[in-house]
Amino acid sequence: MATTAPRLERQIGASGLPYAIRGLIWGLIGFALGAVVTMLVRSLAGSPAWRTDQMVVIGFLFSVPAFVLGVGAWETWGRGWVGLETLEYDPPGWRQYFGFNLDHKVIGIQYLVTFIAVFILAGAVAMLMRTELMDPGRTVLGPAGFTRFMSLHGFLMVLVAVTAVPGAFGNYVMPIMVGAEDMAFPRLNALSFWLWPPAVLLLLSSPFVGGWDSGWTGYPPLASVNNLGQIFYALAFVVGGLSSIVASVNFLTTIVKMRTKGLTWNRLPIFVWSILLTGALSLFFTQSVAVAVTMVTLDRIFGAAFFDPLLGGAPVLYQHIFWFYSHPAVYVMVLPSLGVMLEILPVFSRKPLFAYKWAVGGIIGISVLSGVVWAHHMFTVSALSDANAGFMLSTEAISVPTGLVFLSAIGTIWRGKLWMKVPMLFALAMVFNFLIGGITGVFLSDIPADFQLQDTYWVVAHFHYTIVGAGIFGLFAGIYYWFPKITGRMFDERLAKVHFWMMFVGFNVTFLPMFWLGLNGMNRRIADYQPDLAPVNLFVSLAGFFLGTSFLVFLWNFVVSWRNGPPAGSNPWGARTLEWVTTSPPPKLNFDGEPEVLDDPYDFAPDAPPHAVLRTGGER
Amino acid sequence: MTTHAAAHHPPYEDLQRFGLRLFIASEAFLFGVMFAARFYLLGFDKAEAVNVVLGLVLTGLLLAATWSSHRAVAAAEAGDRGAMQGQLLLTMALGVGFLALVVVEWGAGFTEFPISTPYGSMFYLITGTHSLHLLIGLFVLASLFLQDRRGALSDDKLWKLRGGVTYWQFVDVVWLFVFVILYVL
């Protein structure tokens, strides 16, 4: 087992240029190299040397490995490929976060901070969109600018929703919950994080080449003919997808193979179950979206015929391949957060998780069914297809396992002694929001209703209620729940409650009226609307700004409490799972002893044995 | 021995084998999606100009490479590092020969079934993706060869060789499917 091998003596990264900066320099050199190679090959083939889109694609594909090697993968990993001794990147202080660090706790924090930053940026873009929509007609962005910022907002937020909870807590908390010293493959874990900065930087630079206007779904034929930003989108999707696949291999192997003594499947914390099934979904389905956006890119840069009907291609093929990934992806966005919710509810209700096995079955059922529902995004595309009925039924069938998860949540708080701390408030809000999101989705799965509601604000409201109302609320539930563990400090409870109530009220008053807007015919993805919808849109915009300011309260509390909060102790919530058995923050290898699981994670009876104990050397 | 002896953790080879199987399953999905797209777009149509004989030669090269990669593992397990290095070199040579023939084939194909036709698009997408994976496999084999030359591949690290060869053989097996659905059907 690699982590038990003697630690390597030679350390890097403690002084000099931060490795992240070196990575950027290497990445730029790699980009230039790729662009020059493209020009050379084009010259040899007798074409004009300069062709921007091809040079961008090949350049980026060169720059990503160069960046990853530059942030320290060369010393910690690459040297081993050529038979040299590898070095260790483990500098003290802030530098530990700015290089190829293999510690899963460092990687969890890298993910958390990165994706909070992306979340805030994408939220700021949403503020711009709501400014445009404050009144009909042109306001600030104009039609073209609006669709581009809408696309940027949508795609960045999708990346946050897919990545933040598994990236932050799947990395930081999950290995501790299963009693492991680290993930199964620490280097792959670092790789999965360091693939993100090139993808995110590429997207953030896309407005400088005119962005792209086909939304986060990037349908051809529009995606085959629009701005260069469309290629940035495709490249970011492929690289982010590779990161998801690599991370999934790690999650699954860690959970299946590295559980500590006594941690049987029956005793596995529910959050670990949700990461296991999320990992399985990402592992298999992510490949498909890479195929879809690669095909669009080939159409654009090499004149391929996949989606051009004039050349014999089929645009609908894109939608099949895209949604074959992207419907399971919405469960990748939501399942980890539902896991966080079910993890928090028993702790703050002081009751066992109700119907644990049924909740696990619900998570498994959602995951299995998610692979056979993709064409419900395409009812209006293939309106006469007999297959639609099957997709309607499979979609509606998903409400059954989802209902199991719900019943587990409700049964857990039923007659519990609720302790209304901030993580609990977020978990309860998720139950409320996801109920609205789930029920409004039933209308969309119904074919006749979908014909009316397709591409209206009903859809916008529905998916924000599921992805934000459950996914992002789950992110914040997790942040407040594990903040004391990760930082060793307690946040300001009062400010956290201000954040919660602003976010909960702001979220609902922003998105609830959108159902009404959708029923009244307001189109999504368009900067304009009929004048009679102006008063409600003004209200929604103001509510949206209120929702936006709630995150400033969060940021302030997050930064100040991380620096100056009072010490939290190892178990401020009186929870039972393994991460609360060790110190806050945990030591380098997570436990000062050998963890052994004895009992159920959620048995809060006063005389129950502990979930787990640490055996030190002497006790053995 | 510290308390972190981690007696409950499986040996690293066990983790590595499990993780590699997951990754291969994921890669199988990648090729599966492209194969499905081929039938969605083209049905059972193909370009008559596609060179089946060349496809058979390519298949033969990779079957030989599968065998030689297997011999490399067998030689290493028998303790014969010289034979292992020889078989690795042979495998890599077969792989490089394969890629060279693919380049020749593409050169001819660009005029017979250009990328601007549906069959051409599928052909270059699928063979290109496969060749990219083969290239990665070549890097892995080259890395194993280099590690052994520098004495860094001790007997307790042979799982690296087994893993690399398993991946190589997976890419070879994918070719059989590519051959059937692009050349034969």
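First, the conventions. Residues are numbered from 1 along each chain as its sequence is written, while chains are lettered from A and ligands numbered from 1 in the order in which they are written. As this is a predicted model, local features need pLDDT of at least 70 and side-chain atom pairs count only at pLDDT 80 or more, whereas totals for chains, interfaces and linings use all residues.

I start with chain B. Its secondary structure comes to five helices and zero strands, where helices (H or I, at least four residues) and strands (E, at least two) are DSSP runs numbered from the N terminus. The order of elements is α-α-α-α-α. Along the principal axes, the C-alpha atoms of chain B fill a box of roughly 65 × 35 × 20 Å. Of its 185 residues, 36% count as buried. Buried here means 20 or more other C-beta atoms within 10 Å of a residue's own; exposed means 12 or fewer, and partly exposed is in between, with C-beta atoms placed from the backbone.

Next, where the two chains meet. Two residues are in contact if their C-beta atoms, placed from the backbone, lie within 7 Å. On that basis the contact takes 35 residues from chain B and 42 residues from chain A. On the chain B side, helix 1 (12-42) and helix 4 (118-149) each supply at least two residues. The largest share, 15 residues, comes from helix 1 of chain B. By class, the side of chain B that touches chain A has 21 nonpolar, eleven polar and three charged residues. For these classes, Ala, Val, Leu, Ile, Met, Phe, Trp, Tyr, Cys and Pro are nonpolar, Asp, Glu, Lys and Arg are charged, and the others, Gly among them, are polar.

Now chain A. The domain assignment gives domain 1 (1-100) and domain 2 (102-619); such bounds come from an automatic or database domain assignment. The centres of domain 1 and domain 2 of chain A, taken over C-alpha atoms, are separated by 29 Å. Between them, 19 residues of domain 1 of chain A are in contact with 20 residues of domain 2 of chain A. Helix 2 (residues 52-81) of chain A gives the most to the domain 1 side, with 14 residues.

What about the interior? The largest nonpolar core has 249 residues, and A:Phe426 and A:Ala477 touch the most other members. A nonpolar core is a set of buried Ala, Val, Leu, Ile, Met, Phe, Trp, Tyr and Cys residues joined through C-beta atoms within 7 Å. This core draws at least three residues from each of domain 1 and domain 2 of chain A. Leaving aside neighbours within four places in sequence, A:Phe426 is in contact with residues including A:Phe473, A:Ala477 and A:Phe500.

Helix 17 (residues 457-487) bends by about 45° at A:Tyr481, with a proline, A:Pro484, following within four residues. The bend at a residue is the angle between axes fitted to the seven residues ending there and the seven starting there. Helix 17 of chain A is largely enclosed by the rest of the structure, because 30 of its 31 residues are buried. Just after this helix, A:Gly488 takes a positive phi of about 80°.

Helix 10 (residues 270-302) of chain A has a kink of about 35° centred on A:Phe285. Helix 10 of chain A is also mostly covered, with 31 of its 33 residues buried. A:Gly303 follows helix 10 of chain A and has a positive phi, near 70°.

Last, some backbone details. Most residues other than glycine have a negative phi, and most peptide bonds are trans. The peptide bond from A:Pro220 to A:Pro221 is cis, with omega near 5°. The bond from A:Ser584 to A:Pro585 is cis, with omega near -15°, and A:Pro585 lies in the loop between helix 19 and strand 3 of chain A.

That loop between helix 19 and strand 3 of chain A also holds A:Asn590. A:Asn590 has a positive phi of about 80° although it is not a glycine. Is A:Asn590 buried or exposed? It counts as buried, with 23 C-beta neighbours inside 10 Å. A:Arg525 has a positive phi too, near 65°, but A:Arg525 is partly exposed, with 16 other C-beta atoms within 10 Å.
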